[in-house]
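Please consult the sequence and the structure together while reading.

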Amino acid sequence: MSEVEESLAEPRQAFKSGSTRSVSWRKSQLRAIINLVQDNEEDIFKALYQDLGKHPVECYRDEVGTVLKSARYSLSCVEKWMAPKKGRLPLVFFPSSGELISEPLGVVLIFASWNFPISLALDPLIGAVSAGNTAVLKPSELAPACSSFLANTIPRYLDCRAIKVIRGGADVGDRLLQQKWDKIFFTGSPRVGRIVMLAAARHLTPVTLELGGKCPTILDNLSSPSDIKIAVKRIVGAKWGPCSGQACIGIDYVLVERKLAPTLIDLLKLTIKSFYGEEPRNSKNMCKIINKDHFERLRNLLEDPAVAASIVHGGSLHEKELFIEPSILLDPPLDAGIMMEEIFGPLLPIITLDNIQESIEFINSRPKPLVIYAFTKDESFKRQIVSETSSGSVTFNDTMVQFLCDDLPFGGVGQSGFGRYHGKYSFDTFSHEKAVMTRGFFPELEPRYPPWNHFKLQFIRLAYDFNYFGLLLLLLGLKR
Ligand code: NAD
């Protein structure tokens with residue numbers, strides 16, 4: 001048996017034993033995740049620094065804190081989520097009762113990506129164990145320090161028969177995908193998302209795909225200068241703040257009316273300076289690019305001659321440190337790579353429009369994004385954005401914060417993925433809600449059986465119409 005097959009055998013056995021279904025097992029695993037993160041906070045900071053150069057505050061905000069919040073929330077709610085819910089049944093089936101029972105799916109496979117290598121591994125795992133599943137987790141090979149941290153600590157804290165960590169790259173991912181799983185939860189690129197779906201189709205395995213794309217930000221003409229400053233601060237926070245722009249819910253580009261562009265650029269430059277100093281390269285507050293391949297990918301996007309001419313700020317690259325300066329581009333060609341692919345790095349194109357209303361058509365002419373951000377006080381424009389565009393979510397007048405709300409589902413639509421998680425939505429993602437109906441033996445409704453006649457047809461018609469008075473009259477022989 002290969003390592004991959006072996007990794008699957010124990011969780012399958014553990015699931016079969018039924019032990020993971022109990023509330024006590026689920027709670028013990030959630031407590032274990034909390035302890036793992038709390039006891040090893042310093043090691044997590046170190047691993048994230050090694051892989052990405054993340055500052056400890058950013059590590060806490062985007063990884064440690066989010067995992068603790070999710071695990072504590074699930075711990076406090078899991079019993080309530082597990083409780084059977086009553087299903088309403090039509091009177092025609094009286095006496096009967098209906099229940100909705102959430103059952104675990106079985107053994108689930110979780111693929112994590114490298115940009116938030118701790119939280120994007122542990123957050124889905126919180127959902128999987130809350131719902132009573134066993135799991136195999138494959139962290140990303142591109143964040144090796146975090147991946148080895150997870151491989152070393154998870155078996156020490158969690159039930160090691162039920163939860164396995166398998167390290168490796170695309171080859172290991174491919175071997176894992178050849179196995180039969182009860183659910184695959186994938187965070188990564190649309191390219192690999194397609195590979196995952198194809199593999200899952202062989203076994204009819206359900207999948208959740210948390211993918212990426214280009215998240216636009218619409219900046220309307222906010223009348224108050226202090227509101228514009230706050231909007232720009234939030235834009236800078238979401239473009240360069242999380243992982244130096246290597247974030248799926250980070251801002252990809254900004255749409256703004258032409259006349260507002262100079263003010264926006266001036267404020268962006270000032271804000272970048274206030275966050276990262278005169279020389280962002282020396283700042284401890286910006287992450288590095290994950291590896292040489294991604295650095296080269298971003299270099300190609302930026303150094304395309306047609307694009308380079310549009311740089312209005314930044315643009316310098318430092319290969320040795322894998323650092324790219326926060327860069328702003330004004331109206332790069334719309335058919336250039338930078339406007340066709342997800343940027344996933346510290347480059348911000350600003351696209352100017354004659355009228356901000358055109359932003360809706362602009363967004364609709366591209367694949368459906370994971371998030372649309374819009375800064376506007378115009379209520380009818382807000383309604384128009386919500387009703388006339390499609391995206392995983394919409395956030396007005398702020399950035400990234402939607403990700404932190406357990407009661408809002410997180411997930412994409414179309415090219416940005418499908419399925420959703422966080423809070424109760426994670427529990428549902430890893431559960432099957434089973435309908436259970438129990439009937440009494442009396443009365444027996446003969447009209448449901450042949451031989452058919454006109455009376456039975458009338459009976460069935462009235463039953464489907466929920467016309468109980470008509471049914472009564474029919475049974476009493478008063479309705480023909
Ligand atoms: P990726 O698709 O390259 O890799 C994701 C995972 O798939 C990794 O574990 C990797 O080892 C594995 N993998 C890669 N090639 C494979 C193959 N051929 N067969 C099987 N497995 C394979 O993505 P990435 O570079 O880790 O992450 C970047 C992408 O993820 C971006 O598009 C970003 O927007 C997206 N993302 C989405 C979210 C979200 O929550 N929606 C979060 C983070 C990142």
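Helices (H or I, at least four residues) and strands (E, at least two) are DSSP runs, numbered from the N terminus. On that basis, Lys 214 falls in the loop between strand 7 (207-210) and strand 8 (216-219). The model is predicted, so local features need pLDDT of at least 70 and side-chain atom pairs count only at pLDDT 80 or more, while totals for chains, interfaces and linings use all residues. Residues are numbered from 1 along each chain as its sequence is written, and side-chain values use heavy atoms, with hydrogens and water left out.

- Lys 214 is buried, with a relative accessible area of 13%; the classes are buried (under 20% relative accessible area), exposed (over 50%) and partly exposed (in between), for a 1.4 Å probe and protein chains only.
- The side chains of Lys 214 and Asp 252 are joined by a polar contact of 2.6 Å.
- A polar contact is a pair of N or O atoms within 3.5 Å; within protein, one must be able to donate a hydrogen and the other to accept it, and residues adjacent in sequence count only if both atoms are side-chain atoms.
- The Lys 214 side chain also reaches the backbone oxygen of Glu 341 at 2.6 Å.
- Asp 252 is also one of the lining residues of the largest cavity, which include Gly 213, Cys 215, Lys 239, Glu 342 and Phe 344.
- On a 1 Å grid over the protein atoms alone, a cavity is a set of points where a 1.4 Å probe fits but cannot get out; a pocket is an open set with protein on both sides within 12 Å along at least five of seven lines; lining residues have an atom within 4 Å of a point.
- The largest cavity has a volume of about 60 Å³, where grid points are joined across faces, edges and corners and a volume is the space filled by probe spheres set on the points.
- Its lining comprises six nonpolar, three polar and three charged residues; Ala, Val, Leu, Ile, Met, Phe, Trp, Tyr, Cys and Pro count as nonpolar, Asp, Glu, Lys and Arg as charged, and the others, Gly among them, as polar.

- Asp 406 is located in the loop between strand 16 (393-396) and strand 17 (417-418) and counts as buried at 10% relative accessibility.
- The side chain of Asp 406 makes a polar contact of 3.0 Å with the side chain of Lys 69.

**The largest pocket**

- The largest pocket holds about 1300 Å³ of space.
- Of its 49 lining residues, Gly 188, Ser 189, Pro 190, Arg 191 and Val 192 lie nearest its centre.
- Elements giving two or more residues to this lining include helix 7 (170-178), strand 6 (183-187) and helix 11 (292-303), while helix 8 gives the most, with five residues.
- The lining has 24 nonpolar, 13 polar and twelve charged residues.

**Strand pairing**

- Two strands pair if DSSP finds at least two bridges between them.
- In strand 15 (residues 371-375), five of the five residues are buried: Val 371, Tyr 373 and Phe 375 point one way, and Ile 372 and Ala 374 the other.
- Strand 15 pairs in the parallel sense with strand 8 over three bridges, and four bridges join strand 15 to strand 16, also parallel.
- Tyr 373 is the bridge partner of Thr 217 and stands opposite Thr 395 in strand 16.
- Elsewhere, an open sheet of three strands has the order 1-2-18, with antiparallel pairing; its edge strands are strand 1 (85-87) and strand 18 (431-439).
- Nine bridges join strand 2 (residues 96-104) to strand 18, with Ser 97 partnered by Thr 438.

**Glu 379**

- Glu 379, in helix 15 (residues 379-388), is partly exposed, with a relative accessible area of 46%.
- Its side chain and that of Lys 382 are joined by a polar contact of 3.1 Å.
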